[in-house]
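Please consult the sequence and the structure alongside the points below.

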Amino acid sequence: PNPALGLRGIRFCLRHQKIFRSQLRALMRAGVEGNVSLLLPMISGLAEVQSVRRIMQELQQELQAAGLPHAADLPLGIMVETPAAVLIADALARECDFFSIGTNDLIHYLMAIDRNNLHVGYLNEALHPAVVRSLKRIIDSAHREGIGAAHYASRQRMTLTSLLVFLLHLQQLVDGLVAGHKARRQVHRSSLHELLEIGLLHLDI
């Protein structure tokens with residue numbers, strides 16, 4: 001069996017709920033002392049996020065009944081790293097408080113490669129059109145629902161992909177400004193749009 005496609009991340013948590021509930025309970029208790037957020041890895045569908053929210057509601061009721069201090073509403077986000085999550089990013093954005101984009105695993109799954117296999121290393125490419133279009137879909141979905149979409153990657157991939165994610169966020173910002181100031185059509189010809197064209201046009205998104 002391939003462990004990268006097996007019982008890991010949220011799949012393991014929901015299969016072993018006794019362990020998961022104990023961890024969630026501890027996080028909710030810790031939430032009264034500082035900023036705590038919950039990030040769910042390996043999400044493939046809405047039902048997984050909804051199951052976690054249901055468990056958190058049950059734990060909140062238990063903690064409240066026991067008179068124990070706890071954070072009632074921890075921000076709940078997901079690591080967007082599976083093709084399934086990309087394709088339903090719009091629906092997931094309505095269920096989540098934030099996205100974190102896991103580009104290492106996302107490329108791994110999108111390109112159907114083992115990134116540790118040198119024979120297919122040439123496919124481990126952050127600027128492949130499929131990767132870029134996926135990033136744009138994720139960020140567009142997050143912006144439409146008003147949630148954040150941060151980037152998570154290894155240090156080796158951080159600079160290039162982080163720049164791309166920044167440009168995609170910037171494109172959303174500029175598009176919003178232009179939509180809000182339709183009379184000022186010169187904004188379309190601004191140096192900011194020129195920067196975006198230079199950074200994104202050759203990526204065919």
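How many salt bridges does the structure hold? The structure holds 7 salt bridges, a salt bridge being a side-chain nitrogen of Lys or Arg within 4 Å of a carboxyl oxygen of Asp or Glu. The model is predicted: local features need pLDDT of at least 70, side-chain atom pairs count only at pLDDT 80 or more, and totals for chains, interfaces and linings use all residues. Residues are numbered from 1 along each chain as its sequence is written, and side-chain values use heavy atoms, with hydrogens and water left out.

**Salt bridges**

- Glu 58 and Arg 21 meet through their side chains in a salt bridge (2.6 Å, N to O). This pair links distant parts of the chain, with Glu 58 in helix H3 and Arg 21 in helix H2, 37 residues apart; helices (H or I, at least four residues) and strands (E, at least two) are DSSP runs, numbered from the N terminus.
- Glu 58 is partly exposed at 32% relative accessibility, and Arg 21 is partly exposed at 24%. Buried means under 20% relative accessible area, exposed over 50%, and partly exposed in between (1.4 Å probe, protein chains only).
- A salt bridge also joins the side chains of Arg 53 and Asp 97 (3.5 Å, N to O). Here Arg 53 lies in helix H3 and Asp 97 in the loop between helix H5 (89–95) and strand E3 (98–102), 44 residues apart.
- The side chains of Arg 94 and Glu 145 form a further salt bridge (3.9 Å, N to O). Arg 94 belongs to helix H5 and Glu 145 to helix H7 (residues 129–145), 51 residues apart.
- Arg 94 is exposed, with a relative accessible area of 53%, whereas Glu 145 is partly exposed at 34%.

**Pro 69**

- Pro 69 sits in the loop between H3 and strand E2 (76–80) and is partly exposed at 47% relative accessibility.
- Not counting residues up to four places away in sequence, Pro 69 touches Arg 29 and Val 32.

Technical notes
Contact = heavy atoms within 4.5 Å.
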